[in-house]
Every structure is written in C-alpha cells, then in structure tokens.
Amino acid sequence: MEDEDLNQQEHDGTPSQMSPLEAEDRGYTLFRILDREFTIKVSKHRWAVVLVFSCYSMCNAFQWIQYAAINNIFMYFYGVSSFAIDWLSMCYMLAYIPLLLPVAWLLEKFGLRTIALAGSALNCLGAWVKLGSLQPHLFPVTVLGQVVCSVAQVFILGMPSRIASVWFGDDEVSTACSIAVLGNQLGIALGFLVPAVSVPNIDNPDELAYYISIMFYVTAGVATLLFILVIVVFKEKPKHPPSRAQCLSYALASTDASYLSSIIQLFKNLNFVLLVITYGLNAGAFYALCTLLNRMVIFHYVEEGVIVGRIGLTIVLAGMLGAVISGIWLDRTKTYKQTSLVLYIMTLVGMAGYTGTLNLGHLWIVYITAGIIGFSITGYLTLGFEFAVELTYLESEVVSSSGLLNVSAQVFGIIFTISQGQIIDNYGTMPGNIFLCVFLTLGAVLTAFIKADLRRQRILRMYL
C-alpha cells in the first residue's frame, strides 16, 4: 500500500504529510481540490524538455519549406513542374488531416515521451531517406522522404500546448507555448535562408547534386543528434503538477468520457468552432504565402533568387518576436479575444501592404510589410493554441487547442496554396494575394463574434 501511495505522489502530485509552512520553505505549494490534496512545484527540467522539443520541431519545419524556398532549382534538378514541388510542402498539410485522431489517441494512451520519440524518429528517418534522392530521376525517393517527415509533423504540431500545461506554472503556460512554437518558426526561417544561400542556381546537374547533398547530409546529422537528445532528455511529466490548472485537470477530468463524445462536445461549442475557422483562415494563408513565396518573388525579381530567403527570414524572425511578445502579454493580461482581433487586423493590413508593393521594385517596403505579416500571423498562431485551451478547458489539448485547429489550418492551407498558385499562374501575383486578403478579412470579422468564455480562468477563480 505504501508503494502505491508513493507512486501516486510521483505521478499525480499527492503530497506526503507536511505543514504548509514547511512546504512553502521547500518551494512547494499545497492545493486542495474536492477531496484531494496536491503538491504544486515547478520542475527545473521543464526548460530542457521544451528546448529539446523546440529543436526537433525546428528540424522538421526546416524540411517542410526547404524545397519551396528554391522551387525553381528543384524543378530544374528533378525535371518536374512547380506544382509537383508545391506538393512537397502540401503533403505536410495533407498527412495531418487523417492522422490527427490516431496520433491524439496515441498521446492519450502512451503519453508525451512516446509521441516525442515517434516524432523525432520519423523526422530523422525522413531526412536519411532523402539522401537516396540525389539523382534527377529519383524524385519519387525525395517524395517518400518528405512524406515520412510529414507523418513526423503530426506527432509534433499537437505538442506545444500539452507540454506547456503539463510542465509549466499558471503564469508561464502562454510563454512556454510560444517558446515551443518558436522552434517551428525558426525552422521555417532556416528553411528559407539555408537553401537559398547553400544551393546555387546552376545548370550542371552533378554540381547541383553535390550542393543538395551537403544540405541533406547536414539535415540528417542534426535530426539524428536531436533524436538522441529526445531519448536522453525528454520525460513524460514532472514529479509534481506545476500549476493549479493541472491539479484541476487531474481532479475534475472525467475518466469515463469517451473520446468520440469529447469531440462531439467540442463541436457543440460555438466559440470554439468560430476559432477553428478563423485560425484555419489565418494559418492557411501563412502556409500558402510560405509555399508560394519563391514563385511570387521570382515573378518580379528574376535574377534575385536569394531575396526569397531574405524575405522569408524577415517574415519568420518578426514572427518569432511576435510569438514571444504575444505569450508574455497573454500570461499577464489574459486578453485572448482582444489580442487575437488586433493581431488579425495587423495581418490583414500587412498582407494588403505586401500585395500592393511587391511589384513596385522597392524591396525595403516589401521587407517591412513582410515583417508585419510575420509578427502578427505567428503571434496569432501561438495565441490560438492557448485561446482554444481556455474555451475548451478540461477537454484534451491535443484534440482541441492543437489538433482541430491544425486540421483546419492544413485544410485551408491546401485550398489556399492550390487556388493561389493557379491564380498566380494565370493572372499574376496581385490577384493571388488579393484572394488571401479577402479570406483574412472574413477571418477578422468572424473573430469579432467569438465570445471570450475563458473557462480555465473561471474554474481557477472558483477554487482559489
């Protein structure tokens, strides 16, 4: 019986007998909910966990955009159409849709560590498979490697809000979520920059294969190192719950609710449904913009392929700043709806400015408008995860705040990428970008109708 209690203490935070003063001196907080008592303590290991996650998420995101960043070069090397190269990015979006629920079930069944191992292992495997595609006739092999990486992404995108809630304190969850998302954004930044500067636009296929091989070997080496770090560093959860919200999740979560009934409840929540739609419109526009950036810039600046990498880097670096500021702001103010509406309007303004200035030949204006888009759109991506947790508190984060939001993003991403690509090919870049502006306007309007039903904050206040 003693062993059973000790195990319960390790996994759900039930404390041994100590006075409140003694607990406070040792850095613990005692929290009683219903008929259960919890020991709250934030683990120092939390930073190692979120850092390792951010790094392998970065590596996976790099592999997502590395082909699109130099779309024209890979078209020439493999002798395929631009649409075929676009699908190397869109396969990430497509894979997520049918695999979300199985992976979410695996997360609930086996926990964070197992999912982290699976995601980092698949990311590593996909990187090594691509090394078998260094000849122009081996395009199917690079497709296979990219598909493996796209499956790895399903094990990665659902993790930020879950890691934040399991490992971080009440006043840190939004910041932690933004740090977890930062890795993905840094990977996209590197995915724009590294291919553009390391793979020159030359006509010799053998030389091209050499430069591409260097990029692929370095990627595979980094992916392997990160897989080893996940094995060594990543733990399932801390010994004690880090926050009152996590204690409440342990105490109030229904143990007999079915997985399907949880999903049905989510779709009965009108505010959450509106957030799913608006998040999908915003993130889908971001995916389309990143995937088609090379085609848009080359259309106007034919001899300046490296500009694609710089503009992409500007978008993502500004986005990383936006994600950090958004996370800190939310931890302090909890103004989820107001902040999301402001960021949505900023995204629309930035996209309108980018649309109107891309063809003017003034690159400094393009960099500014691209920076505005990146700052606001990535800040919104972080906010969306935490806003969904607030609207659906006590439901599984991997289904609500991460899963269904990301499914919406992938669906709209595929639709926007294909549609905008066709518009660009037939009518030019401005009509294609106006197409995105129309849907961003719709998203901003729908965001105004979301009621800020902050369930997590309300329940926390009930048990203070």
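The following legends describe close-up views of a predicted model.

**View 1. Helix α4 and the residues that it buries.** Helix α4 spans residues 71-78, and its buried residues are Asn71, Ile73, Phe74, Phe77 and Tyr78. Seen down the axis of α4, these buried residues fall within an arc of 165°, so they line one face of the helix. The elements that cover them include α3 (46-69), α5 (82-110), α7 (139-157), α10 (205-233) and α13 (270-300). Just after α4 comes Gly79, whose phi is positive, at about 65°.

**View 2. Helix α10, from its start to its buried residues.** Helix α10 has 29 residues and reaches 41 Å from its first C-alpha to its last, which is close to the 42 Å expected at 1.5 Å a residue. At the start of this helix, a side-chain oxygen of Asn204 reaches to within 2.9 Å of the backbone nitrogen of Asp206. The buried residues of α10 are Leu208, Ala209, Ile212, Ser213, Met215, Phe216, Thr219, Ala220, Ala223, Leu226, Val230 and Val233. Among the elements that cover these buried residues are α3, α4, α6 (112-130), α7 and α9 (173-198).

**View 3. The largest nonpolar core and the surroundings of Tyr56.** The largest nonpolar core has 129 residues, and those with the most contacts inside it are Tyr56, Phe74, Met159, Ile163, Ile188, Phe234 and Tyr354. The largest share of this core, 18 residues, comes from α13. In soluble globular proteins, nonpolar side chains tend to be buried together. Leaving aside residues up to four places away in sequence, Tyr56 touches Ala116, Ser120, Asn123, Ile156, Met159, Leu226 and Val230. Of the residues named here, Phe74 is also among the buried residues of α4, while Leu226 and Val230 are among the buried residues of α10.

**View 4. Gln420, a buried residue in helix α17.** Gln420 has its place in helix α17, which spans residues 398-427, and with a relative accessible area of 0% Gln420 is buried. The side chain of Gln420 reaches the backbone oxygen of Gly432 at 3.4 Å.

**View 5. Ala444 in helix α18.** Ala444 lies in helix α18, residues 429-448, and at 11% relative accessibility Ala444 counts as buried, the limit being under 20%. Ala444 and Asn282 are 162 residues apart in sequence, whereas in space their C-alpha atoms are 9.0 Å apart. Not counting residues up to four places away in sequence, Ala444 touches Leu341 and Tyr344.

View 6. A search of the whole structure finds zero disulfides. Cys55 is in no disulfide, and the nearest cysteine sulfur, that of Cys59, is 9.6 Å away. At 24% relative accessibility, Cys55 counts as partly exposed. Cys91 is likewise in no disulfide, the nearest cysteine sulfur, that of Cys149, being 8.5 Å away; at 12% relative accessibility, Cys91 counts as buried.

Definitions and conventions. Residues are numbered from 1 along each chain as its sequence is written. This is a predicted model: local features need pLDDT of at least 70, side-chain atom pairs count only at pLDDT 80 or more; totals for chains, interfaces and linings use all residues. Side-chain values use heavy atoms; hydrogens and water are left out. Buried means under 20% relative accessible area, exposed over 50%, partly exposed in between (1.4 Å probe, protein chains only). Helices (H or I, at least four residues) and strands (E, at least two) are DSSP runs, numbered from the N terminus. The arc is that of the directions from the helix axis to the C-beta atoms. Contact means heavy atoms within 4.5 Å. A polar contact is a pair of N or O atoms within 3.5 Å; within protein, one must be able to donate a hydrogen and the other to accept it, and residues adjacent in sequence count only if both atoms are side-chain atoms. A disulfide is a pair of cysteine sulfur atoms within 2.5 Å. A nonpolar core is a set of buried Ala, Val, Leu, Ile, Met, Phe, Trp, Tyr and Cys residues joined through side-chain atoms within 4.5 Å. The expected span of a helix is 1.5 Å times one less than its number of residues.
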